[in-house]
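Let's take a friendly tour of the aromatic rings in a protein model. Have the sequence and the 3D view ready as you read.

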Amino acid sequence: MQKRHRIQFPKRDFASQQQDETYFFLQDGTESKKIRFHDYHEIFATPGLYEQLFYDRLKCVSPDKVASILESSIKQSNDQFTELRVLDLGAGNGMMGEELKNRGAARMIGVDIIPEAYDATLRDRPDVYDAYYTQDLTALDDDQREEFKSWDIDCLVTVAALGFGDIPVKAFTEAFNLVKDGGWIAFNIRDTFFDESDKSGFSKMMRELVFSEHLSMYHIERYRHRLSIDGEPLFYYAIVGRKNSNIAEASINDSDNHVIDITQAALAS
């Protein structure tokens with residue numbers, strides 16, 4: 001049985017604070033350590049802390065939600081879930097990978113930029129992934145790209161990892177392009193990223209991808225991802241689609257905060 005941690009949330013109101021700025025205190029005897037929710041390297045380094053914080057205390061349901069609508073979409077298409085070769089982007093300590101493995105996915109390939117995530121997966125879920133790469137997808141060389149392609153990936157999943165600067169647009173695009181045409185794409189994203197008032201590059205990319213020719217939509221559902229530390233629901237969209245084609249390299253503009261204009265790129269190709 002893993003140790004139960006003493007987690008304390010700050011007393012002040014967080015209503016005006018951004019989700020990625022939220023923090024908690026980890027109590028250890030007389031010591032109190034302040035940790036941001038997005039300081040994943042620190043959270044993963046402490047056994048059981050990620051699960052206790054996000055799943056026990058804050059009631060996160062996203063791995064089950066995204067996995068269930070992916071499975072349902074595949075069944076409706078008469079494809080075989082048990083033949084999936086899945087790339088889990090932002091795999092963390094393996095919770096999404098475990099969900100898909102338990103449902104029968106044939107191959108699980110994890111990738112995360114944080115070494116502590118890889119260490120936590122080896123510690124907590126050593127049998128989930130066929131391979132796990134500690135890799136920055138924005139800096140792949142040709143050999144590394146071919147290594148990923150050798151897995152013959154036909155499904156990309158990414159859960160609770162998009163937005164807030166955790167995964168850059170270019171990294172998501174690279175992962176998207178590693179999937180075979182006709183493969184499945186499943187992810188979740190905070191509902192506010194679909195608001196047209198959000199002018200960030202990531203928000204723009206997601207809105208354009210969902211309605212572009214590169215992805216055929218199968219399922220989109222707004223649901224309660226988890227609770228905030230004030231007990232308020234945080235809503236996300238769970239999205240499943242089928243990849244039609246790669247996103248052109250020319251559509252990525254690194255000099256403009258990694259903005260993607262998918263529609264223009266498609267017209268130009």
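Which residues do ring pairs link into a cluster? They are Phe9, Phe24, Phe37, Tyr40, Phe44, Tyr50, Phe54 and Tyr55. Rings of Phe, Tyr and Trp (its six-membered ring) pair if their centres lie within 6.5 Å; planes under 30 degrees apart count as stacked, over 60 as edge-to-face and the rest as tilted.

Before going on, note that this is a predicted model, where local features need pLDDT of at least 70, side-chain atom pairs count only at pLDDT 80 or more, and totals for chains, interfaces and linings use all residues. Residues are numbered from 1 along each chain as its sequence is written, and side-chain values use heavy atoms, leaving out hydrogens and water.

Searching the whole structure gives 14 aromatic pairs. One of them joins Tyr23 and Phe25 in an edge-to-face pair, with 5.6 Å centre to centre and 85 degrees between the planes. Tyr118 and Tyr132 make a tilted pair, because their planes stand at 50 degrees, with the ring centres 5.4 Å apart.

| Residue | Relative accessible area | Class |
|---|---|---|
| Tyr23 | 11% | buried |
| Phe25 | 23% | partly exposed |
| Tyr118 | 29% | partly exposed |
| Tyr132 | 13% | buried |

Lys34 lies over the face of Tyr23, 4.1 Å from the ring centre, and Arg222 lies over the face of Phe235, at 4.1 Å. A charge sits over a ring if NZ of Lys or CZ of Arg is within 6 Å of the ring centre and within 35 degrees of the ring normal.

Conventions:
Buried < 20%, exposed > 50% of the residue type's maximum accessible area, 1.4 Å probe, protein only.
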